[in-house]
Amino acid sequence: MQLYKSLIFTTTCLILTLFTNSAYSSEVNVYSYRQPFLIQPIFDAFTRESGIDVNVVFAKKGLSERLKREGRNSPADLIFTVDIGRLIDVVNKDLVQGTSSTTLSNNIPSQYRDPEGKWFGLTTRTRSIYVSKERANLADIQRYEDLSNPAWKGRICTRSGKHPYNLALIASMIAHHGEEKATNWLKGVKANLARKPQGNDRAQVKAIKEGVCDISLGNNYYYGKMLNNPDQVEWANAVHITFPNQADRGTHVNISGMALTKHAPNKANAIKLMEFLSKKLAQKMYSEQNFEYPVNPSVEPSGLLQSWGNFKSDILPLSEVANLRKQAAKLVDRIGFDE
Ligand code: FE
């Protein structure tokens with residue numbers, strides 16, 4: 001009798017689970033490499049507006065491997081990550097599907113989304129040049145190309161050339177100048193390094209503060225983070241943030257973004273969430289949380305970001321940057337940039 005009862009209970013649970021996971025459920029499941037504090041407030045706003053619950057699994061590593069392992073049985077509908085390289089990785093692993101939506105096409109400029117709709121940008125971040133207020137003249141460092149000027153010998157700091165942020169910048173140099181010129185440029189930058197590439201973007205600004213070097217490469221949101229961190233504000237105060245190549249193609253930018261998983265069980269809800277995230281309220285919240293720029297051109301950046309000045313972004317499609325990443329990585333190895 002006991003066995004019979006527990007069998008009925010198990011069956012009922014199973015049916016209930018199937019039921020709630022079927023078309024009747026009103027939820028969407030997100031795998032996120034982005035930290036919960038960045039996205040949770042926006043997902044809450046979405047739930048209030050749509051009645052659709054958002055379940056988030058956050059991890060620093062391994063989500064795409066998990067998605068692959070789970071295959072058709074994965075509960076994930078959307079994956080959130082930063083950098084075009086990581087978005088392309090999930091495309092190349094065949095873990096996502098293309099989708100089209102007039103809202104998404106209207107809100108997200110074409111250079112920041114995949115032509116096949118397999119990834120979409122949500123925020124942009126510049127690869128800026130940080131310049132010592134005391135020891136360098138802004139007029140002398142206006143372009144990425146200036147980084148190879150022998151005048152800067154021993155005065156530049158950067159993280160590894162193989163880091164996705166630098167690979168994307170190098171890929172954009174290949175796209176604009178061709179492999180040969182890009183190679184000479186990168187050799188020139190290497191010749192100007194004050195020390196072997198090491199640390200993260202903020203560590204380079206710290207090194208400028210400490211007099212190790214005068215110029216560094218770094219994403220713009222780290223400037224906001226340093227200004228808001230009592231232990232790091234003096235690093236930020238030692239530098240200007242600059243937006244290179246304003247007189248020509250514009251500053252290189254990368255994105256944070258999202259992709260619809262291949263087997264998304266709640267596809268319609270997922271697309272609703274994607275559309276919500278491309279609109280004004282979410283764009284404002286999402287970009288302000290991490291000192292990034294809204295990808296939607298009709299949404300203004302935060303006051304702090306506006307205080308750093310307006311700038312023009314390079315409109316080279318990020319899909320082209322993505323295609324040149326491998327070539328960029330080989331180039332970094334070939335010239336021994338990190339050695
Ligand atoms: Fe970062």
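**Close-up views of a predicted model**

**View 1. Ser256 and its surroundings.** Leaving out neighbours up to four places away in sequence, Ser256 touches Arg34, Thr81, Val82, Asp83, Phe120, Gly121, Leu122, Thr123, Arg125, Tyr286 and Glu292. The model shown here and in the other views is predicted. Ser256 belongs to strand S9, which covers residues 253-261. Its relative accessibility is 0%, so Ser256 counts as buried. The side chain of Ser256 makes a polar contact of 2.6 Å with the side chain of Thr123. A polar contact of 3.3 Å joins the side chain of Ser256 to that of Arg34.

View 2. Asp83, one of the residues in contact with Ser256, sits in the loop between S3 and H4. Asp83 is not a glycine, yet its phi is positive, at about 85°. With a relative accessibility of 0%, Asp83 counts as buried. A side-chain oxygen of Asp83 comes to within 2.7 Å of the backbone nitrogen of Gly85 at the start of H4.

**View 3. Helix H4 and what covers it.** Helix H4 spans residues 84-92, and its buried residues are Ile84, Gly85, Leu87, Ile88 and Val90. These buried residues are covered by elements that include helix H3 (63-70), strand S3 (78-82), S4 and S9. Helix H14 (318-323) and helix H15 (325-334) are also among the covering elements. Asp94 follows H4 and has a positive phi, near 60°.

View 4. Thr99 lies in the loop that runs between strand S4 (96-97) and helix H5 (102-107). Its relative accessibility is 11%, and the limit for a buried residue is under 20%, so Thr99 counts as buried. Residues up to four places away in sequence aside, Thr99 is in contact with Glu116, Gly117, Phe120, Leu260, Ile271 and Met274. Phe120 is also among the contacts of Ser256 in View 1.

**View 5. Strands S1 and S2 with the helix that joins them.** Strand S1 (residues 27-32) pairs with strand S2 (residues 53-58) in the parallel sense, over 6 bridges. The chain leaves S1, passes through helix H2 (residues 36-50) and reaches S2 in a right-handed β-α-β crossover. Within this pair of strands, Val28 stands opposite Val54 in S2. In a regular strand, side chains alternate between the two faces of the sheet.

View 6. Tyr165 is buried, with a relative accessible area of 8%. Tyr222 is buried as well, with a relative accessible area of 12%. Tyr221 has a relative accessibility of 3% and therefore counts as buried.

**View 7. Aromatic pairs.** The structure contains 7 aromatic pairs. In one of them, the ring centres of Tyr130 and Tyr223 are 5.8 Å apart and the planes meet at 50°, so the pair is tilted. Tyr130 is located in strand S5 (residues 120-132) and Tyr223 in helix H9, so the pair ties together parts that are 93 residues apart in sequence. Tyr130 and Tyr223 are both buried. Tyr130, Tyr223 and Trp308 are linked into a cluster by ring pairs.

View 8. Phe291 is part of the loop between helix H12 (280-289) and strand S10 (293-294). Phe291 has a positive phi, near 55°, and is a residue other than glycine. Its relative accessible area is 17%, so Phe291 is buried.

Notes
Residues numbered from 1 in each chain as written. Predicted model: local features only at pLDDT ≥ 70, side-chain atom pairs only at ≥ 80, totals over all residues. Heavy atoms only, no water. Helix = DSSP H or I, 4+ residues; strand = E, 2+ residues; numbered from the N terminus. Buried < 20%, exposed > 50% of the residue type's maximum accessible area, 1.4 Å probe, protein only. Contact = heavy atoms within 4.5 Å. Pairing = 2+ DSSP bridges. Right-handed = clockwise from strand over helix to strand, strands pointing away. Phe/Tyr/Trp six-rings, centres within 6.5 Å; stacked < 30°, edge-to-face > 60°. Polar contact = N/O pair within 3.5 Å; in protein donor to acceptor, adjacent residues only side chain to side chain.
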